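Here's a walk through the model, one neighbourhood at a time. Keep the viewer open and click along as you read.

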Amino acid sequence: MKRIALFAPDQQRLSELQQLLSEYQDEIIFEVGFLANAVTKAKKLLAQNVEIILARGQTAIEIRDSFPALTVVDIPITGFDLVIALEKARSIGSHVAVIAFPIMASQIECLESAVGVTIKKYNIQSRDHINAAIDDAIKNGADVLLGGYATGQVASQRGIPYVQVVCGNQAYIEAFHNAKRILASIHEEKRKAGLIRTVLNHAYEGIVSVDEKCRIVALNPVAERIVKFPPNSLGRNLNDIWPDLRLDRILTNGKEELNGLYQINGVQILCNKVPIKDERKVIGAVVTFQDITKIQMMEARIRKEVYSKGHVATFSFKDIYGSSSAICSAINEAKSYSVTDANVLIIGETGVGKEVFAQSIHNNSKRARGPFVAVNCAALPAQLLESELFGYVGGAFTGASKEGKTGLFEVAHTGTIFLDEIGEMDYINQGRLLRVLQERSVMRLGSDRVIPVDVRVIAATNKNLQQLVSENKFREDLYYRLNVLHLKIPALCERKKDISLYAIQFLNSISQNKLKLSKAASKVLEEYTWPGNIRELRNVIERIVALSQRNTISAAFICKILNIDNSNASSQDIKETKEIVAALESCNGKIGDVAELMKISRSTLWRKMKRLGINA
C-alpha cells in the first residue's frame, strides 16, 4: 500500500517527476494539485491511508493547516534554482519583480549583485492578490515578472514577460528520501505508541498525562473509571475536570509530589504527580494514582502468601504446663491480655518460655489468622536489624538487593510482631521503633514513602528495662509505649512442683523407650536451681534420654548429668546409691550376693533400690 503522495503544479511537471522517480512508482501516488485543489485531493488521499504528502510552497502550507495530523514534506526552492530563474529573467530585462508567496523566495534580494539585476519583491497571500501585485510592479517599471505557477498563469493571460521559479530535480529526490525516512520513523513511533497504549490500558494504576498548558494528552481506562472523565477529554484542561488535583503547581515549580492522598467520586486514592522535563524546561506532567482499597487488597494477598511460608505461631495456652499458683496466675493474666490489642511487655529469665506465651497470646487473639513474626533483637547487628525490621529500597546501601526488601513490620501486617531481647536493641533503632508505634506506619531505608501497618507488638526481655532507662541505655518514651500490658513469667525455681511435670512431658515427647523418673531423681530435679529454666531442663532431659541405659532414671544418674556431687538431695541417699550400684556391678547383679555383701536382708535391699530408683 502506497503511503506517500507527491503533488506537482501542472501535468507537464508531473510527467517529468514520474520519469525522474520511476524506480519508486510502487511507493508514490502522483497527483496534479495546487493550493485549494490540492487540499481537496489531500482529503481523499487521507481516506486511502496516505501518511506523507510532498508539496511545495504555499500548497504545502495550506495542506498542513487543513490537516494537522498529516505529515507534509516541503520541496524546497534552493538558491541554485533562484539563480537559474534570475539568469533567465535578466535576458529579458534588468528590473525584476518577484511576485510570490513569502515562503517561496525569501532573501532573494541577496542575489542582486551576483546576477546583475534589480529585484523588487511583492508578497502575495492568495491568488486574488496577484493582479494587484502585477499592476504595482508594472507601475514601478518592472521589465519581467518572476514567481510560481499561480503568478505564471495570470502573467500569461495578460501577456506580460514572465519566468517561473522551478524546483530542481535534486530537491524532489531528496524530499522523497526524507519522506521515506520520516515514514519509517512514523511507523516506529506507532509501534512504540502501541506498546505504550497497551501498557496504559492494562496498568493497574490510573494514568493521566498533560502538556505544559495542562491539556490532557493521554489517559488510560483505569483513570477514566476512577475520575469519570467526560467523553472527548483529550485536549481539555485537566484543572477544569479535576481542580482539586492542582497539577498546575507541578507545571510551575517543576517539583514532584509523591504519595498524596485524595478523594474523588467517593474513592480514596494514593497519587503521584511528576513533571516531565526537556533539559530544564517543564514540558508536561504525568499523574499516576491507585484506589487505596485495591492496594490494601493486594497487600493483604501478598502478606497472606508470606504468612503461608512460615510466619506462624505454633504454641497456644494448652502447651504451657503447670499447676503452681505462679504459673496459673501468669496464664490467666496472658489470656486476659489476648482479647485486647494493646502492646505487651513480657519479663522473665532466659528460658522461661516468653515466646511460648507470646505465641499463645497471638493465637488466642483476633489476630490469630494473621502472621506471627518473631525477631531476636540481640542476634542481629544494628544496621542489619534496621533493614530487617523496616525494609529497604533497591540500592539503599552497599550490598543491598537491587529489588529492595520488605521489612518484617510490613510482613506482620494484620498480625503480631514479637521483639525478643528488646533490651539489646540499639538506641537509633529504638527511635525508629518508637516512631512506628506512634505513627502506625513504616518507611523503608532509602525511601520517602510511608507505608501504613496494622501490627500488634509483643516485646520480651530478661533485663531490667527501668534500670536501663535510668542509665540512658533505653528510651523512656519507648519503655512506656511497650509496657502497656506487663506480664512477668515466673522462673522455674519459683514453681518447683511444675518441674517434674515438665520433665515427664519432655521424657514422653523425646524418649521412645518409656523412661521413668525415680522419686529420688524427681527430688533432685526439683531441688536444682535451673538457671536456664525450662530450656535447660529440656536439654538435660535430652541428655538423659541419649545416655540412659535403664528404664528408671536414678538420682545418682541425674547428679552425674547435672555435674553435681552434692546437690540438694541428701548425701546419705547419694552415698547409698553409690554403694548399691558398686555392689551390683561386683556381684553381676545377683541380689542375694549383694545383700550378703552389704550385710542387709533381701527385703531391705529391694526397698532401698526402689526408693533410690536403682534397677537390678
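Let's settle one term before we start: a residue is buried when its relative accessible area is under 20%, exposed when that area is over 50%, and partly exposed in between, using a 1.4 Å probe and protein chains only. Helices (H or I, at least four residues) and strands (E, at least two) are DSSP runs, numbered from the N terminus. This is a predicted model, so to speak of a local feature we need pLDDT of at least 70, side-chain atom pairs count only at pLDDT 80 or more, and totals for chains, interfaces and linings use all residues. Residues are numbered from 1 along each chain as its sequence is written, and side-chain values use heavy atoms, leaving out hydrogens and water.

Start at helix 6, residues 130-139. Which of its residues are buried? They are Ile-130, Ala-133, Ile-134 and Ala-137. These four span an arc of only 100 degrees around the axis, which places them on the same side of helix 6; the arc is taken from the directions that run from the helix axis to the C-beta atoms. Just after helix 6 comes Gly-141, with a positive phi of about 85 degrees.

Now jump to helix 25 (residues 591-598), where Ile-591, Val-594 and Ala-595 are buried. Here too the arc around the axis is only 100 degrees, which puts these residues on the same side of helix 25. Glu-596 and Leu-597 sit on the other side of helix 25 and are exposed.

For a helix pair, go to helix 22 (residues 533-547) and helix 23 (residues 555-562). Two packed helices are described by the angle between their axes and the distance between the axes. For helix 22 and helix 23, the angle is about 120 degrees and the axes are 10 Å apart. The axes are lines fitted to C-alpha atoms, for helices over the stretch in contact, and the angles run from 0 to 180 degrees between N-to-C directions. Helix 22 contributes Val-540, Arg-543, Ile-544 and Leu-547 to the contact, while helix 23 brings Phe-557, Ile-558, Ile-561 and Leu-562. Sorted by class, the contact of helix 22 with helix 23 holds seven nonpolar, no polar and one charged residues. In that scheme, Ala, Val, Leu, Ile, Met, Phe, Trp, Tyr, Cys and Pro are nonpolar, Asp, Glu, Lys and Arg are charged, and the others, Gly among them, are polar.

On to charge pairs. A salt bridge is a side-chain nitrogen of Lys or Arg within 4 Å of a carboxyl oxygen of Asp or Glu. How many salt bridges does a search of the whole structure find? There are 24. One of them joins Lys-180 and Glu-27, with the closest N and O atoms 3.5 Å apart. Lys-180 belongs to helix 8 (residues 169-202) and Glu-27 to the loop between helix 1 (11-20) and strand 2 (28-32), so this pair ties together parts that are 153 residues apart in sequence. Lys-180 is partly exposed at 32% relative accessible area, and Glu-27 is partly exposed at 27%. Arg-249 and Glu-257 also meet in a salt bridge, at 3.1 Å from N to O. Arg-3, Glu-51 and Lys-190, meanwhile, are linked in a network of salt bridges.

Finally, visit a few loops. Asn-265 has a positive phi of about 55 degrees although it is not a glycine; look for Asn-265 in the loop between strand 11 (257-264) and strand 12 (267-278). Thr-414, likewise not a glycine, has a positive phi of about 70 degrees, and Thr-414 is in the loop between helix 16 (408-411) and strand 16 (416-420). Ala-368 is in the loop between helix 14 (354-363) and strand 15 (372-376).

Technical notes. Contact = heavy atoms within 4.5 Å.
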